[in-house]
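Here is a short tour to read with the structure open beside you.

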Amino acid sequence: MSAVVILLQILPITTSIPDTTMNETIFSLLALDGHENSFVRKAAMQALSQFPPNALTYYAEALVQRLHDTDTDVRTTALQTLNRLKPDVLAYHAEALVEKLEDSDEGVRIVAAASLGKLAPEVLSQQTEALMQRLEHRTRDVRSAAVAALGQLEPAALKPYIGSLVWRLEDHDVHVRLAAKEVLSKVQ
């Protein structure tokens with residue numbers, strides 16, 4: 001465990017290490033996936049999140065596998081790390097992001113909705129129904145993240161959902177109302 005903690009402390013210098021060493025380090029961190037201690041798995045995910053997005057591109061599928069970890073923090077950090085990928089790379093994993101909208105943990109659901117908002121509009125438009133279902137979620141942060149993600153759509157793609165977004169203007173939470181107002185302003 002102490003090796004991972006040390007690695008976390010030195011990772012801000014990852015942009016200056018050679019590609020070969022970087023790849024070996026990423027591979028070693030991913031190998032910690034099966035470790036019995038969730039702290040070690042989380043620390044490995046945090047360390048991975050410090051690598052440049054282009055270095056992580058080749059390991060995106062392995063990061064997606066971490067979305068099934070039993071530990072909430074590992075799943076959340078894996079999503080946050082995936083968020084750093086370029087939208088065209090993230091698009092290959094859109095279904096995994098949608099799946100996390102159903103996660104047992106609220107924080108994971110929030111990050112998953114925000115992750116969907118990073119997709120290119122043409123890819124995001126294929127996931128709108130899943131986001132629309134979150135507009136009625138019991139938690140304001142999930143509703144707000146879903147509204148914000150929908151706001152990444154092109155105005156024409158938003159038109160079928162205007163009624164639902166207008167309804168969010170009446171939400172009991174100010175953050176959701178503000179997010180809905182901002183998204184609807186794009187359509188005008």
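## The chain as a whole

Please keep in mind that this is a predicted model. Its chain has 15 helices and zero strands. Of the 188 residues in the chain, 48% are buried.

Let's start with α15, which covers residues 174-187. This helix has 14 residues and spans 20 Å from its first C-alpha to its last, close to the 20 Å expected at 1.5 Å a residue. At its N-terminal end sits a cap, Aspartate 173, with a side-chain oxygen 2.8 Å from the backbone nitrogen of histidine 175.

Which residues of α15 are buried? They are Val176, Ala179, Ala180, Val183, Leu184 and Val187. Looking down the axis of α15, you will find these buried residues within an arc of 130°, so they line one face of the helix. The face turned away from that buried side carries Leu178, Lys181 and Glu182, which are exposed. As for partners, the buried residues of α15 pack against α12 (140-150), α13 (155-158) and α14 (162-168).

## How α12 meets α15

Two packed helices are described by the angle between their axes and the distance between the axes. For α12 and α15, the angle is about 5° and the axes are 9 Å apart. That makes α12 roughly parallel to α15, because angles under 35 degrees count as roughly parallel. On the α12 side, the contact involves Arg140, Arg143, Ser144 and Val147. On the α15 side, the residues they meet are His175, Val176, Ala179, Ala180 and Val183.

Alanine 148 is also worth a click, and its place is in helix α12. With 38% relative accessibility, alanine 148 counts as partly exposed.

Now move to helix α3 (residues 38-48) and helix α6 (residues 72-82), whose axes come within 9 Å and cross at roughly 10°. This pair is therefore roughly parallel as well. From α3, the contact is made by Ser38, Arg41, Lys42, Met45, Gln46 and Leu48. From α6, the partners are Asp73, Val74, Thr77, Ala78 and Thr81.

## Two loop residues to look at

Is serine 104 buried or exposed? Serine 104 has 70% relative accessibility, and because exposed means over 50%, it counts as exposed. You will find serine 104 in the loop between α8 (94-99) and α9 (106-116). Leaving aside residues up to four places away in sequence, serine 104 touches Arg75 and Arg109. Serine 104 and threonine 72 are 32 residues apart in sequence, and their C-alpha atoms are 8.7 Å apart in space.

Histidine 93 is in another loop, the one between α7 (87-90) and α8. Its relative accessible area is 10%, and because buried means under 20%, histidine 93 is buried. Again not counting residues up to four places away in sequence, histidine 93 touches Ala60, Glu61 and Val64.

Methods. Residues are numbered from 1 along each chain as its sequence is written. This is a predicted model: local features need pLDDT of at least 70, side-chain atom pairs count only at pLDDT 80 or more; totals for chains, interfaces and linings use all residues. Side-chain values use heavy atoms; hydrogens and water are left out. Helices (H or I, at least four residues) and strands (E, at least two) are DSSP runs, numbered from the N terminus. The expected span of a helix is 1.5 Å times one less than its number of residues. Buried means under 20% relative accessible area, exposed over 50%, partly exposed in between (1.4 Å probe, protein chains only). The arc is that of the directions from the helix axis to the C-beta atoms. Contact means heavy atoms within 4.5 Å. A polar contact is a pair of N or O atoms within 3.5 Å; within protein, one must be able to donate a hydrogen and the other to accept it, and residues adjacent in sequence count only if both atoms are side-chain atoms. Axes are lines fitted to C-alpha atoms, for helices over the stretch in contact, and angles run from 0 to 180 degrees between N-to-C directions. Angles under 35 degrees count as roughly parallel, over 145 as roughly antiparallel, 65 to 115 as roughly perpendicular and the rest as oblique.
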